[in-house]
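This briefing covers one predicted model.

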Amino acid sequence: TGELYELPAGALSIATGIHYREDEIDDLPGEITLAGNGWGSSAAGNTVGDDKTQAVFMEFDAPLLADLPAIHNLTVNASARYTDVDSYGDDTTWKVGFNWSISESIRIRGNRGTSFRTPALFELFLANETGFPSVRIDPCRNWGSALANGSITQTIADNCAADQSSVGGPAAGFDPAYTGGTISPTAFSGGGFGTLEAETSTSETIGLIWQPDFADLSVSIDYFDITVRDEVTRLGATNILRECYDSPLGFAFGNTEPLCGLFDRSSVNFGVDNVIDNYLNIAIQRSRGFDYAVRYNTEVGALGSLSVELAATRQLEDVQELFVGKPEDLNGLV
């Protein structure tokens, strides 16, 4: 790290380096859990794996202009990183940003960059685990009364009424008074080695900051646009069931919802039997909006000092695609 040479507005700085890392995991469950002998409790295997990471990176900080009309100071920052991970492969990420002080009190900042994260060892090599969620995760239990009291959507009701997926199950879907299975379903979870992709993202921000000279005050507004692709996650048995039956691609609408293929039902009482909840990649998640921040500091005499802060976000877009081509708008929802 250091300075390369002088520019008209200051020194061009550089930082560069190399990175090498070895990671390994050996997670051995207790004897009873390993043997699956805990009645009604989780069972798990031995999670073992290793990985190597190598990288080279470089960053420049360039003060381009200073002490000009409408340009009190203008600095540009650029960085890049090449990373090679044994379990995934290689990728190059970069970031470019600027900091433009129009005056001593008004500043504009912005950047655009990319990043990626390879799956963690636990996400890659997790040995099969079993769990036993409640029979209440079945959205079709008493779906008639649930629809009447507003606890499920019309889409869930339509899909439950049309579900003929059970072997030997109801030929015309579930009755509105269907009471569900009597035995807890089994949820299977495992790692995604060989199938998981690395998470990648792009990020864009631009903001305005006002820091007047008459008070210890800072006011900022920043626009952000962040897209994450192939986010690694587990959905959870409850979400898999709920999202399957609340999907406009479910049993009543052509039965093309991928989540509906992650569970099966018993041929005895048609209750949920097995749920597959392995680590997987979410196709796309995008968030766009504005961040607002205000910070004010003042002295209050003998009482000391007072700091007041306000932070708020205005969300313009919050879209998630669990699978390609199946977007879901979550803006305004928690």
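C140 is buried, with a relative accessible area of 0%; buried means under 20% relative accessible area, exposed over 50%, and partly exposed in between (1.4 Å probe, protein chains only). C140 lies in the loop between β8 (129-131) and α3 (143-148). Helices (H or I, at least four residues) and strands (E, at least two) are DSSP runs, numbered from the N terminus. The model is predicted, and local features need pLDDT of at least 70, side-chain atom pairs count only at pLDDT 80 or more, and totals for chains, interfaces and linings use all residues. Residues are numbered from 1 along each chain as its sequence is written, and side-chain values use heavy atoms, with hydrogens and water left out.

**Around C140**

- Leaving aside neighbours within four places in sequence, C140 is in contact (heavy atoms within 4.5 Å) with C160, F174, Y178, Y245 and R265.
- C160 is 20 residues from C140 along the chain, and the C-alpha atoms of the two are separated by 5.5 Å.
- R265, another of these contacts of C140, has its place in strand β12 (residues 263-265).
- R265 is buried as well, with a relative accessible area of 6%.
- Between the C-alpha atoms of R265 and T179 the separation is 14 Å, and the two residues are 86 apart along the chain.

**Salt bridges**

- The structure holds 11 salt bridges, each defined as a side-chain nitrogen of Lys or Arg within 4 Å of a carboxyl oxygen of Asp or Glu.
- The side chain of R117 meets that of E123 in a salt bridge of 3.3 Å, N to O.
- In that pair R117 is partly exposed, at 32% relative accessible area, while E123 counts as buried at 12%.
- R117 also forms a salt bridge with E199, where the closest N and O atoms are 3.0 Å apart.
- This second pair links distant parts of the chain, with R117 in strand β7 (residues 106-117) and E199 in strand β10, 82 residues apart.
- E199 is buried, its relative accessible area being 13%.
- E129 and R234 form a salt bridge with their closest N and O atoms 4.0 Å apart.
- E129 lies in strand β8 and R234 in the loop between β11 (216-233) and α5 (237-245), so the pair ties together parts that are 105 residues apart in sequence.
- E129 is partly exposed at 25% relative accessible area, and R234 is partly exposed at 29%.
- A network of salt bridges links D225, R286, R288 and E317.

**Surface patches**

- Patches are made of residues with over 30% relative accessible area and no salt bridge; like charges are joined within 9 Å, and nonpolar side chains (Val, Leu, Ile, Met, Phe, Trp, Tyr) within 5 Å.
- E22, E24, D26, D27, D50 and D86 form a negative surface patch.
- For charges, Lys and Arg count as positive and Asp and Glu as negative, with His and the chain ends not counted.
- Strand β2 (residues 10-27) gives the most to the negative patch, with four residues.
- D27 lies in strand β2 and counts as partly exposed at 36% relative accessibility.
- I106, L208, W210, F214, I221 and Y292 make a nonpolar surface patch of about 550 Å², with accessible areas from the Shrake-Rupley method and a 1.4 Å probe.
- W210 is found in strand β10 (residues 199-210) and is partly exposed, with a relative accessible area of 36%.

Methods. Charge placed at Lys NZ, Arg CZ, Asp CG, Glu CD.
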